[in-house]
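This report goes through one predicted model.

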Amino acid sequence: MTEQTAPAALWPAPFADAPVEATVAVPGSKSVTNRGLVLAALSADTGWLRRPLRSRDTLLMAAALRALGVHVEEGVGPDGTGEFWHIIPAGLHGPATVDVGNAGTVMRFLPPVAALADGPVRFDGDPRSYERPLHGVIDALRALGARVDDESRGRLPMTVHGGGSLAGGTVEIDASASSQFVSALLLSGPRFNQGVEVRHTGAALPSAPHIRMTVDMLRKAGAQVDAPEDGGEPDVWRVTPGALLGRDLVVEPDLSNAQPFLAAALITGGRVTVPDWPEQTTQPGDALRGIFTEMGGSCELDERGLTFTGSGRVRGLDVDLSDVGELTPGIAAVAALAESESVLRGVGHLRLHETDRLAALTKELNGLGGDVTETADGLRIRPRPLHGGVFRTYDDHRLATAGALLGLAVDGVQVENIATTGKTLPDFDRMWAAMLGQAGPGADGSQGGGTRVEESA
Ligand SMILES: O=C(O)C1=C[C@@H](OP(=O)(O)O)[C@@H](O)[C@H](O)C1
Ligand SMILES: C=C(OP(=O)(O)O)C(=O)O
């Protein structure tokens, strides 16, 4: 969390004077899109991603793969099939430069890919990317046979000197700072000469569903993977060397990005339907069904999608969010509006996310009159009547959506830099206005609310 003197552009968060009733089509998953791009780039034949997320993080991933020589073509299918990306793998080449922005998936998933390129690949990004941990990936790559120049020791910027192939083998890493260290090594593992065996040693590993997503998508691309959840050793994954197959993959909606819309139903006592909610998924956002039900309201999953109905009351909760850390900002905002105390645990590693999320949430919620304290591994939130004011966002998309949902219940909330939602959800402000039955200019100044949202029947 970097202290800022003057706030950037302020967005008056709309206040909801009635229960929200809407159907909100949520764009594709960031995590699935970026894994899909990497796996397709490493495949032996061409692949398709249908309804991919087009946002800053995924466009950075596509641009980086293009810089390495992969063809990523964008197009729009016939009626109803939406946008697609066609990925045509090619030899991976250096010299190349990769801009990671502040995308954890780009800064962690691509260095192992770069180690397979035939020349140097320079990695750089936003100032915050210099502070986010990368040591697990860098140390592991060295142990597996790669040459890496990391002048800041374990952080960006750095150069991976691709040698055209990588020996691979067994490696021990401490991935307690980010599950993405494990995912990164597994995703490229089939292309290492000896495959890879990743052994996590250290404190508890966060975001287990995201590692399961990696394993699941690798297997669907033809890789052989041994994972702890199949009765294997805890915290050990093995990927056998072998060719990956190009896939034709329809990307699921981003269930973590569905969070603010479902929360709108919860805190206004309304009803929101998110179409195409998968019956089975590895996305951590699926846990919202249970978490928001515990906080009040109910949900139903049927052929229309997931419908969440608020009860008009919001309860606090004591919950371990280590598996679903990226849901914490939204849950904290709802908890600040609840009728009882909440304790959010198991998310100390959020101090190393887009910003120090625990410090940022504490400061901003307290700035609106809240009573939030940081604990060693999370937040304690004692609800108090909130008032309007500026809600700063520290270039963090999930802080921005958390501010928007506070504004539904608290008059006069102004969210700084709502455009930062473009990291994973570029249309957020228009979708929000359309959900509320309002149309207005988007964060990019363009007109036309409601393009992705319809009134529910
Ligand atoms: O692999 C992924 O797609 C992600 C893993 C998680 O990272 P951490 O384990 O660093 O929290 C999550 O928070 C991030 O939003 C996406
Ligand atoms: C932590 C997040 O992102 P990243 O992929 O940059 O780690 C997030 O989206 O909440």
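## An open sheet of four strands

Ile 173 stands opposite His 200 in strand 11. Strand 10 and strand 11, the latter spanning residues 196–200, are parallel partners joined over 5 bridges. Both belong to an open sheet of 4 strands, whose order is 10-11-13-12 and whose pairing is mixed. Strand 10 (169–173) and strand 12 (225–226) are the edge strands, each pairing on one side only.

Strand 3 pairs with strand 5 (residues 83–88) in the antiparallel sense, over 4 bridges. In this pairing Leu 49 stands opposite Trp 85. Strand 3 also pairs with strand 14 (residues 248–250), here in the parallel sense and over 3 bridges. Arg 50 stands opposite Val 250 in strand 14.

Trp 85 is also in contact with Glu 73, as is His 86, when neighbours of Glu 73 within four places in sequence are left aside. Glu 73 is part of strand 4 (residues 71–76). With 13 other C-beta atoms within 10 Å, Glu 73 counts as partly exposed. Between Glu 73 and Arg 35 there are 38 residues of separation in sequence and 17 Å in space, C-alpha to C-alpha.

## Two domains

The domain assignment divides the protein into domain 1 (10–27 + 253–454) and domain 2 (30–250). Their C-alpha centres are 29 Å apart. Domain 1 gives 18 residues to the contact and domain 2 gives 22 residues. On the side of domain 1 that touches domain 2, 5 residues are nonpolar, 8 polar and 5 charged.

## Ligand shells

The shell around ligand 1 has 13 residues, of which Ser 31, Ser 178, Ser 179, Ser 207 and His 210 come nearest. Helix 3 (104–114) and helix 5 (180–188) are the elements that give two or more residues to this shell. By residue class the shell around ligand 1 holds 1 nonpolar, 11 polar and 1 charged. Ligand 1 lies between domain 1 and domain 2, because both give residues to its shell.

Around ligand 2 are Ala 103, Gly 104, Thr 105, Glu 326, His 353, Glu 354, Arg 398 and Thr 424. These divide into 1 nonpolar, 4 polar and 3 charged residues. Domain 1 and domain 2 each supply at least three residues to the shell around ligand 2.

## Nonpolar cores

The largest nonpolar core has 75 residues, and within it Leu 68 and Leu 186 touch the most other members. Leaving out residues up to four places away in sequence, Leu 68 touches Leu 92, His 93, Ala 96, Val 113, Ala 117 and Val 121. There is a second, separate core of 72 residues, with Ala 13, Val 334, Leu 350 and Leu 379 among them.

## Helix 4 and its cover

In helix 4, residues 135–143, the buried positions are Gly 136, Val 137, Ile 138, Ala 140 and Leu 141. Their cover includes helix 3, strand 8 (147–149), strand 9 (158–161), strand 10 and helix 5. Just after helix 4, Gly 145 has a positive phi of about 115°.

## Backbone exceptions

Most residues other than glycine have a negative phi, and most peptide bonds are trans. The bond between Gly 94 and Pro 95 is cis, with omega about 5°; Pro 95 sits in the loop between strand 5 and strand 6 (96–99). Another cis bond runs from Leu 156 to Pro 157, with omega near -5°. Pro 157 is in the loop between strand 8 and strand 9.

Asp 276, a residue other than glycine, has a positive phi near 65°. Asp 276 is in the loop between strand 15 (271–274) and helix 8 (288–294), and it is partly exposed, with 14 other C-beta atoms within 10 Å. Tyr 394 likewise has a positive phi, about 55°, without being a glycine. The loop between strand 22 (389–391) and helix 11 (397–409) holds Tyr 394. Tyr 394 is buried, because 22 other C-beta atoms lie within 10 Å and the cut-off for burial is 20 or more.

Definitions and conventions
Residues numbered from 1 in each chain as written. Chains lettered and ligands numbered in written order. Predicted model: local features only at pLDDT ≥ 70, side-chain atom pairs only at ≥ 80, totals over all residues. Near = placed C-beta within 6 Å. Nonpolar A, V, L, I, M, F, W, Y, C, P; charged D, E, K, R; others polar. Domains from an automatic or database assignment. Core = buried A, V, L, I, M, F, W, Y, C linked by C-beta atoms within 7 Å. Buried ≥ 20, exposed ≤ 12 C-beta atoms within 10 Å, placed from the backbone. Contact = placed C-beta atoms within 7 Å. Pairing = 2+ DSSP bridges.
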